[in-house]
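User: I would like to learn how to read surface and helix features from a model. Please take them one at a time.

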Amino acid sequence: MLDENWVHFTQTGNIFDYLKYKQNEQGFKAENDTENNKGLSYKRTDNWGE
């Protein structure tokens, strides 16, 4: 799926459009990382079997 910010950048070639695309991409990646890593938080369990 093409990001509309990327399509806009490819049409204009403007550096500000590219930066807008990268900013949006980073925000999307951070959002996905948060969703995917919910089970990795410390839940006060003792892995040493004590």
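**Reading the surface and the helices**

Analyst: This is a predicted model. Ile15, Phe16 and Leu19 together form a nonpolar surface patch of about 340 Å².

User: Is Phe16 buried or exposed?

Analyst: The call rests on relative accessible area: under 20% is buried, over 50% is exposed, and values in between are partly exposed. Phe16 has 60%, so it is exposed. This residue sits in helix α2, which covers residues 15–36.

User: Which class does Val7 fall into?

Analyst: Val7 is partly exposed, because its relative accessible area is 28% and that class lies between the 20% and 50% limits. Val7 belongs to helix α1, residues 4–12.

User: How many helices and strands does the chain have?

Analyst: There are two helices and zero strands.

User: What is found at the start of α1, and which residue follows α1?

Analyst: At the start, a side-chain oxygen of Asp3 comes within 2.7 Å of the backbone nitrogen of Asn5. Gly13 follows α1, and its phi is positive, near 75 degrees.

User: What share of the residues of the chain counts as buried, and what is the accessible surface?

Analyst: Of the 50 residues, 8% count as buried. The accessible surface of the chain is about 4,900 Å², and carbon and sulfur atoms account for 53% of that area.

Notes. Residues are numbered from 1 along each chain as its sequence is written. This is a predicted model: local features need pLDDT of at least 70, side-chain atom pairs count only at pLDDT 80 or more; totals for chains, interfaces and linings use all residues. Side-chain values use heavy atoms; hydrogens and water are left out. Patches are made of residues with over 30% relative accessible area and no salt bridge: like charges are joined within 9 Å, nonpolar side chains (Val, Leu, Ile, Met, Phe, Trp, Tyr) within 5 Å. Accessible areas come from the Shrake-Rupley method with a 1.4 Å probe; for residues, only the protein chains shown count as cover. A salt bridge is a side-chain nitrogen of Lys or Arg within 4 Å of a carboxyl oxygen of Asp or Glu. Helices (H or I, at least four residues) and strands (E, at least two) are DSSP runs, numbered from the N terminus. Buried means under 20% relative accessible area, exposed over 50%, partly exposed in between (1.4 Å probe, protein chains only). A polar contact is a pair of N or O atoms within 3.5 Å; within protein, one must be able to donate a hydrogen and the other to accept it, and residues adjacent in sequence count only if both atoms are side-chain atoms.
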